[in-house]
Amino acid sequence: DHGQPVAAILMFDPDFVPKDANGQPIPIPENRVVPEELAPPGMPRQMLELPAEPEDGDAP
């Protein structure tokens with residue numbers, strides 16, 4: 001984000017272990033960001049666009 005605000009994202013709670021229909025744990029990404037396929041049904045989905053990285057010498 002390089003000091004610029006970005007939209008909020010959906011992340012897994014550190015204490016939550018998602019499970020499949022059989023009660024088996026579902027692996028989650030190391031960064032805990034919820035992938036599109038695990039987002040709650042009906043939740044609007046939008047790809048986040050990060051601001052461009054500042055070039056050397058540019059102010060953030």
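Is Phe-16 buried, exposed or partly exposed? Phe-16 counts as partly exposed because its relative accessibility is 45%, where buried means under 20% relative accessible area, exposed over 50% and partly exposed in between (1.4 Å probe, protein chains only).

This is a predicted model, so to speak: local features need pLDDT of at least 70, side-chain atom pairs count only at pLDDT 80 or more, and totals for chains, interfaces and linings use all residues. Residues are numbered from 1 along each chain as its sequence is written, and side-chain values use heavy atoms, with hydrogens and water left out.

**View A. Phe-12 and Phe-16 make a stacked aromatic pair.**
There is one aromatic pair in the structure. Its rings sit 6.5 Å apart, centre to centre, with 15 degrees between the planes; rings of Phe, Tyr and Trp (its six-membered ring) pair if their centres lie within 6.5 Å, and planes under 30 degrees apart count as stacked, over 60 as edge-to-face and the rest as tilted. Phe-12 counts as buried, at 10% relative accessibility.

**View B. Arg-32 has a positive phi.**
Its phi is near 65 degrees, and Arg-32 is a residue other than glycine. Most residues other than glycine have a negative phi. With a relative accessible area of 22%, Arg-32 is partly exposed.

**View C. Leu-50 is exposed.**
Here's the simple one: Leu-50 counts as exposed because its relative accessibility is 59%.
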